[in-house]
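Hi everyone, thanks for coming. Let's have the structure up on the screen, and then I'll walk you through a few parts of it.

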Amino acid sequence: MAGLVPIAETAGTAADSGADWLTGWRSGPADGSDAAPDWLGAVRADAADRFAAHGLPDRRVEDWRYTSLAHLTGLELDWAPAPADVAKESLPALVFGREADCRLVLVNGQVRPALSSVPALPGGTVLTSLAGALASGHPGVADLLKRRVAATGGALKALNDSWLEDGYVLIVPDGVTVDMPIEILSVGTGGALPPAYQPRNLIVAGAGSRVTVVEHHVGLCIGGYFANLVTDVAAGAEAIVRHCKVQDESREAIHIALLDAALDRGAMFDSFCFTLGGRISRNELRVSLDAPGAHCRLNGAYLAGGRQHCDHTTSVDHAAPETHSDQLYKGVLDGRARAVFQGKVTVRQDAQKVEGHQMSRALLLSETAEVNTKPELFIHADDVQCSHGATAGDLDAEALFYLRSRGVPEGQARQLLVEAFLNEAIDAVALAGMRLPLERNVARWMAERPRS
Amino acid sequence: MAATAQTVAQVRDLGKYKHGWETEIEMETAPKGLNEDIVRFISARKDEPDWMLDWRLKAYRHWLTMTEPTWAMVDYPAIDFQDIYYYAAPKNTEGPKSLDEVDPELLRTYEKLGIPLKEQEVLAGVQGAPKVAVDAVFDSVSVATTFKKELESHGVIFCSISEALQNHPELVRKYLGTVVPYTDNFYATLNSAVFSDGSFVYIPPGVHCPMELSTYFRINAKDTGQFERTLIVAEEGSYVSYLEGCTAPMRDENQLHAAVVELVALKDAEIKYSTVQNWYPGDETGKGGIYNFVTKRGACRGDDSKIRWTQVETGSAITWKYPSCILQGDNSVGEFYSVAIANNAQQADTGTKMIHLGRNTRSRIISKGISAGRARNTYRGLVRMGPKALNGRNFTQCDSLLIGDRCGAHTVPYIESRNRTAKVEHEATTSRIGEDQLFYCRQRGIGEEDAVALIVNGFCKEVLQELPMEFAVEAQKLVGISLEGSVG
Amino acid sequence: MLEIENLHAAVDGRAILNGLTLAVAPGEVHAVMGPNGSGKSTLSYVLSGRDGYEVTAGRVRFRGEDLLALDPEERAAAGLFLAFQYPVEIPGVTNMTFLKHAVNGLKVQRGEEELDAMQFLKLVRQKAKALGMSDDMLKRAVNVGFSGGEKKRNEILQMAVLEPAFAVLDETDSGLDIDALKIVADGVNALRGPERSMLVITHYQRLLDYIVPDRVHVLAGGRIAQSGGKELATRLESEGYAAFVEKAAA
């Protein structure tokens, strides 16, 4: 055993197919209609250089020590997929199981207005495509993007920056409350080669605004694809942004998502991530609590079986005093599945009166499942309350016995306990209408999981 | 008497670091720097068997291919490994002698440290304490080992590792490097090439070691690295409790200490290894102090074996150490109890690794980190449940206490579970000394420094109570001293 | 023994005490009663020297000394004891250890000889027994996991062991049921003597049925609104504080 594996800022080499990874954008979008402004060219070129310098992270990069992208480097990908032919009827049932009031559809990372139904939103709220916003020169979008692209954030973000082209943009003006949940349906679908797509999404919530976004990621193909998503969130003073994500990609998909949120005074960011799909998936949240009173809740539930690998990584930066964070992630693993939870809580110097709590719990249902957990605290102020906890193991034998002694058959008892286990996380979903569909997903997964 | 008040008075007399004086003694040193000749010189000086030299050379050559680890959360200027003496020994000590022959200046040194090298004495200031056998290591060599005769009558071998290489080469060869291989890590590999001395303990089957064994390490010479190597083997059904203490003079330069400790516990054996680490921490501005880069690892090789690490880390400018347990035997138990205090400009990156391989293996980690001044204190730990660690259990509790708003406390645990029947539980908290707690103590007449020491000792209690009683008293005092000047 | 003259004090810049004057002679027990927010707890913290309680005017003489010039531990050494309304938990420090540090901390400050382990043990056991406290409780960490009643009883034990000249009992009755209240009051009464004075701070008259005061003061608006004998407490119980609060505000 060597010492603990080195923490390096960057390591690894560019994928062998490095040229393909970086040159696609230079020839412009597939339809040859690059209407993007000039500044974007420089931004993309810079980012391409950054990616080339880093290469894809390998497991010597501390942040990626438990998630290997070796599988990805072996794939031959279509970096500029032609718009896929998707019929509206083939789209999956909505998360709420009814016609959504508002739904924006992306196919392979591109916004498809014809498949979407976006009604007029209150108070000048804008829901549109990034390509459109860039073409029309929306000033807020350009400003935020320029700032966020300049920020470092690892190789995969650089890769996304270098391909910056489309995605969804949601802008809620100051003081506006959007009552209806905004659903984003992101569809991945294959072609001759697995497509690679890298949407860049923006959520800008003005001071005192309220908005709820439900992201639903699904695969419409058996085969794989590589989705490398970046979502930037800016929440103004006292804004409340709720973000609920259901990741049900195809079983061969690689889904790498980074959400980077910055919160102003008194703002609240509430995130829930429900992970079911994907061959390899990573949901990374970075939240910066930039002013007093900012608060975030990051919760998640995941179910993985077969050879799935799912990674939840969070980093909360308490950059200001009187900021709060709460995190709860719970997962169930079966088959040869592997899960990763990495959670970092940083409290900066002089960020006094901070509270940061985190809990990660994993249930292992099979002999061959694996979970790796790394919760970290970096505390540089003394008047703070921070804690983390982590558990891993099987179902509580005593609870199981108790149920069986009351006549519940073992299989059913296990299912009950697993559902109860996950429900603790699902109960945290602020959007009441979301809970039942999520619970149904859990029940379905339990019923369908292959018996070992 | 209020122990801490007394200590505070002592410290006032002695200056902040009470072991900071230097012994005037004639030394023999090898030339500065490191090359194969130095490795050969050290081996020849100790008249080692050829296999030992070969092993050292293999380590040295491997070391040349390695780079210093940079992942720990510690900052320090690059170390010039050619600017260090790798061998320094008091003259006229060709190896441990009878106590009568030991240089009186050395005896005085240990007397001053409160360490008894005369067998009729017990540890300074502790009345009615049980007997403790001591191996005293001064710079690169062991200068004396006490109670050897009495231990021998039980079949226990307790001597310097140099002596063991002469008298029990087969035992050393059988176990050396089997827990920490010479390729292990940068500092362990360096140690394998140049280790000069250290203690060797062998407890034969079924023997309950009749007294505590302890080694006191003292770095005295200037610009000298200390690279001791300790090997403890507990045979089937045996028991031993071992304690190490360490001090060094106050110097403006940093000094390197890169030790390796290997423990082997066979079936039903139990090893308790306690450390009170009080190397010179440097001054308030961060000048000087020991770089304490240590690899400690124990293998619970036999079924039902047990290894417990207890450490109180108060000294050193930089601490980098992760006493670990490899739980190979079924039902084996690993424990790690740690208090790490970092004050002023000290940096500590310490923790443990519990590697569960066998069935029904259990581990427990209790870590109490205290940061004060501008210090940084990191707990870094790994708990791994291997695929065969059926019914493995781990419980980890990591608490950090911050004193003042310019210090840092970091918790970096790695938890890897590959067995569903294994259960891992980890908890971590951070807190500070409550203003209400301090006021409550002061209202009852307890002075501020004493109150801090009292509250911190309470915070550390779960760990301190694992130390042998007489050392627990010493450790409690040390906690108070280490935090001097951290409030107010 | 204690003379408070025209005491003004502020917390976070907000004036809480506004010219409080009060004198307690040796052997006397005075009660200070007042509604919530009248400054009762502030008075106890100002007397014991807690940080954040700023004295803006006035003076306090304790046994002839300027009390306000002393650090909290020096006030304790001078003989001042505060029984806290909310006793503080100190994890990992047993009651025994805590008391030993306190007893000897006081002795060192007073230039007296410290107690050895045997003398100390004897002293604490004897005091604990009188209060019906078990050895087990002495071995537990200070106030950690104690019930409300146990905490208050623990305060009285500390008072019994430290033998202060002057004790301030801050809402010692809060959170106690009637049985616990009797035990605590018995403990306090046992400590009454010609050389020991007490200031009993309370919201309710109930406690004063058990600890009968020599004088009763009504605190309102940060100063003494009225003083009287034991009967003043009874009157307050039936009439309430409203009249005094109005008077103070006027």
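**A walk through chains B and C**

Let's start with a pairing in chain B: strand β13 (residues 289–300) and β15 run in the parallel sense, joined by four bridges. Before I go on, this is a predicted model, where local features need pLDDT of at least 70, side-chain atom pairs count only at pLDDT 80 or more, and totals for chains, interfaces and linings use all residues. Residues are numbered from 1 along each chain as its sequence is written, chains are lettered from A and ligands numbered from 1 in the order in which they are written, and side-chain values use heavy atoms, with hydrogens and water left out.

Some terms: helices (H or I, at least four residues) and strands (E, at least two) are DSSP runs, numbered from the N terminus. Two strands pair if DSSP finds at least two bridges between them.

Back to β15(B): opposite B:T319 stands B:N292. β15(B) also pairs with strand β18 (residues 347–350) of chain B, in the parallel sense and over four bridges. There, B:I318 has B:Q347 as its bridge partner.

So what covers the two faces, buried or exposed residues? Buried ones: B:I318 and B:W320 on one side, B:T319 and B:K321 on the other. Buried means under 20% relative accessible area, exposed over 50%, and partly exposed in between, with a 1.4 Å probe and protein chains only.

Staying in chain B, helix α9 (residues 435–443) is largely enclosed by the rest of the structure, because seven of its nine residues are buried. Among them are B:F439, B:Y440 and B:R442. After α9(B) comes B:G445, with a positive phi near 100°.

Now for chain C, which has ten helices and twelve strands. Its C-alpha trace spans about 60 × 40 × 35 Å along the principal axes. How does the radius of gyration of chain C sit with a compact globule? For 250 residues the rule gives a value near 18 Å, and chain C has 18 Å, which agrees. That radius is taken over C-alpha atoms, and the rule is 2.2 Å times the number of residues to the power 0.38. Of those 250 residues, 54% count as buried.

Last, the chains together, with contact meaning heavy atoms within 4.5 Å. Two pairs of chains are in contact, and chains A and B share the most contacts. Chain A and chain C have no contact, and their closest C-alpha atoms are 16 Å apart.

Thanks, everyone!
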